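The following questions and answers concern the model displayed below. Please keep it in view while reading.

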Amino acid sequence: MIRRLFSTLIADYPPVGEFLPAAPPPNGGPHQASAASATFRASQLESLNWLHSVSPCFPVSGDRIDIIQEPALFYDTLVAKCAGAKRRIMLASLYLGIGSLETRLVDAIHANMKKNTRLTVDVLLDFTRGTRGESNSQTTLMPLLEESDNCRLSLYHTPVLRGITKRLAPPRWNELLGIQHMKLYLVDDTVIISGANLSNDYFTNRQDRYVMIEDRGLADFYANFLKKVQEFSLKVDRTGEAKLHENWNMLPYKSAQVDFATEARERIRSYFRGVMDRQRSICDEDKASDTWIFPLIEMGQLGIHHDSLATRNLLSGCLKDSQLKLATGYFNLTETYMDTLTKDCQAECCILMAHPNANGFLGAKGPAGGIPAAYSLIAKKFHQKLKESGQDHRVSLLEYERTGWTYHAKGLWYYLPGSTLPNLTLIGSSNFGERSVNRDLEAQICLVTTNGGLQRKLQAEYDNILQHSAAAETERPVPRWVRAVVGLFRNFF
């Protein structure tokens, strides 16, 4: 029954559109600056000038950016920031856990709200994950909603989950159809972008990545962006009922799917274009900047393919003698990414993924228990593709394994020719897989820097992950039933 329902939904996808009018220009080609920084002046960065034409750009000082390496420090930082917030707290995640650490975080926010009546709190979670079970993300946050008008809980509901599927698909299964997957944590003028959710494992023993940026302009950008997403999400009131936002009139599971997707896409697209137009009109280069932040988003079910277009252009534009370190918690790269890495990318590549023992689905009940083996099978097929193309000497595969830990870090580090430190990194929620491109809401940043201190921090971050990694086992046995179904369900995990 579930399989038949999913097959039906695939045919009901809204038309896929591009986020911008045209794909990014080739490296070295003409571009139009979108930020006060105009273009990258340093000759070694000129091949990345195309980024200015595809995204808003926020020039900052690299000294105002910190790289957090451990989940416990991420948690402590988040609690401290929320406890001391003066104006705003905005948290966007898949879900909020219900354990003691999560409760302590909510208590810190609650206590701050009581003493600071001007503090506003906005939380954006996924509807299906956030309401799963009797005790869930929503019930954990209800005390904040019940006591203050300054707190808003928004739950994104995919427009694909509707009709008979919404009625019959059980919890967990309904999440396969599409979720709010962005991880953006904003406190006053601090932005933490990560791949980590707000739950116990991500605060203790699940390896992820976390970049903290202190910048008012970037914080304002993300605050306004999240407000746009909240508009087409459901708003939870003081009684716990999920209702339409005051600026939206279409229920995601009842209105025409294409109408919902079209309107949501246009609001996000208009917002990005408006920011880029305003930045172009400034035309005042910030000479103190040594780091540039380019926000990237992906909302495939809404027809927004922004991050994937930029990522593909980055991969295909890697220069000869450059290096690329790519990481994903779940190895399920799209066919486009695999083809680009095999045929177009000139960099020496190293791809890091989770060992089955470090996969969060290890030991899961039912079909989900076969997901680690499915990722191994996809990696094996990619390795075979590399060998057949004569590219296995240029692309290597690694696996992360650490006793008692799971692995969830994703992103990439790019080294220009002759550089021993990263010049660019992608960090955010995307796993570069089928779900990330076609189903979920994702957010990344592309960070370009010439700041030596920040480059060393980025290298230390990668080295910290690499110390628990080894060459991937590409001949690992895979159960027959996994081999039989992986092709059909690859788009769902």
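Q: Which residues form one aromatic cluster?
A: The model is predicted, so local features need pLDDT of at least 70 and side-chain atom pairs count only at pLDDT 80 or more, while totals for chains, interfaces and linings use all residues. Residues are numbered from 1 along each chain as its sequence is written, and side-chain values use heavy atoms, with hydrogens and water left out. Rings of Phe, Tyr and Trp (its six-membered ring) pair if their centres lie within 6.5 Å; planes under 30 degrees apart count as stacked, over 60 as edge-to-face and the rest as tilted. One aromatic cluster is formed by Phe 58, Phe 221, Tyr 222, Phe 225, Tyr 271 and Phe 272.

Q: How many aromatic pairs does the structure hold?
A: A pair of aromatic rings is described by the distance of the centres and the angle of the planes. The number of aromatic pairs held by the structure is 20.

Q: Why is the pair of Phe 232 and Phe 260 edge-to-face?
A: Phe 232 and Phe 260 are both buried (under 20% relative accessible area, with exposed over 50% and partly exposed in between; 1.4 Å probe, protein chains only). Their ring centres are 6.3 Å apart, and the pair is edge-to-face because the planes stand at 85°.

Q: How far from the ring centre of Tyr 253 is the charged end of Lys 166?
A: A charge sits over a ring if NZ of Lys or CZ of Arg is within 6 Å of the ring centre and within 35 degrees of the ring normal. The charged end of Lys 166 sits over the ring of Tyr 253, and its distance from the centre is 4.6 Å.

Q: Over how many bridges do E12 and E20 pair?
A: Strands (E, at least two residues) and helices (H or I, at least four) are DSSP runs, numbered from the N terminus. Two strands pair if DSSP finds at least two bridges between them. In strand E12 (residues 291-299), nine of its nine residues are buried. E12 and E20 pair in the antiparallel sense, and the number of bridges is nine.

Q: What is the C-alpha to C-alpha distance between Cys 446 and Leu 51?
A: Cys 446 belongs to strand E20 (residues 441-449) and is buried, with a relative accessible area of 2%. Beyond its neighbours within four places in sequence, Cys 446 is in contact (heavy atoms within 4.5 Å) with residues including Leu 51, Trp 292 and Leu 424. Cys 446 and Leu 51 are 395 residues apart in sequence, and their C-alpha to C-alpha distance is 8.8 Å.
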